[in-house]
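Biologist: Before we discuss what the labels mean, could you put the model up and tell me how each term is defined?

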Amino acid sequence: MERYLSRQDAAQYLTEQRGLTVSKNTLQKWVTTGGGPEYQRFGKRAVYLESCLDAWAERKLSAPRCSSSGS
């Protein structure tokens, strides 16, 4: 069964397990501005599932590139 992660743990998961540096403050900002990973509320706290963090990270990554040129 999948665990729910706090915002701090979600930031740590993305940074340490996925190699994508994200701070808990950035996750908080995305709650109000949009564009962040899917989350749920547990009382007053936001909680994240690893599978939602993984899916969000994959959607945010570009296709592999061999050069910086547009072609």
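Modeller: Two strands pair if DSSP finds at least two bridges between them, and helices (H or I, at least four residues) and strands (E, at least two) are DSSP runs, numbered from the N terminus. This is a predicted model, in which local features need pLDDT of at least 70 and side-chain atom pairs count only at pLDDT 80 or more, whereas totals for chains, interfaces and linings use all residues. Residues are numbered from 1 along each chain as its sequence is written, and side-chain values use heavy atoms, with hydrogens and water left out. The protein chain has 3 helices and 3 strands, in the pattern β-α-α-β-β-α along the sequence.

Biologist: Why are α1 and α3 called oblique to each other?

Modeller: Axes are lines fitted to C-alpha atoms, for helices over the stretch in contact, and angles run from 0 to 180 degrees between N-to-C directions. Angles under 35 degrees count as roughly parallel, over 145 as roughly antiparallel, 65 to 115 as roughly perpendicular and the rest as oblique. The axes of helix α1 (residues 7-17) and helix α3 (residues 50-60) come within 11 Å and cross at roughly 50°, and α1 and α3 are therefore oblique.

Biologist: How are α1 and α2 oriented to each other, and why?

Modeller: Helix α2 (residues 24-33) packs against α1 at an angle of about 115°, with the axes 8 Å apart, and the two are therefore roughly perpendicular.

Biologist: What makes a space in this model a cavity, and which residues line the largest cavity?

Modeller: On a 1 Å grid over the protein atoms alone, a cavity is a set of points where a 1.4 Å probe fits but cannot get out, and lining residues have an atom within 4 Å of a point. The search of the whole structure finds 1 cavity of 30 Å³ or more. The largest cavity is lined by Tyr4, Glu38, Tyr39, Gln40, Val47, Tyr48, Leu49 and Cys52, and β3 gives the most to this lining, with 3 residues.

Conventions. 1 Å grid on protein atoms, 1.4 Å probe; cavity = no way out; pocket = protein on both sides within 12 Å on 5 of 7 lines; lining within 4 Å. Points joined across faces, edges and corners; volume = space filled by probe spheres on them.
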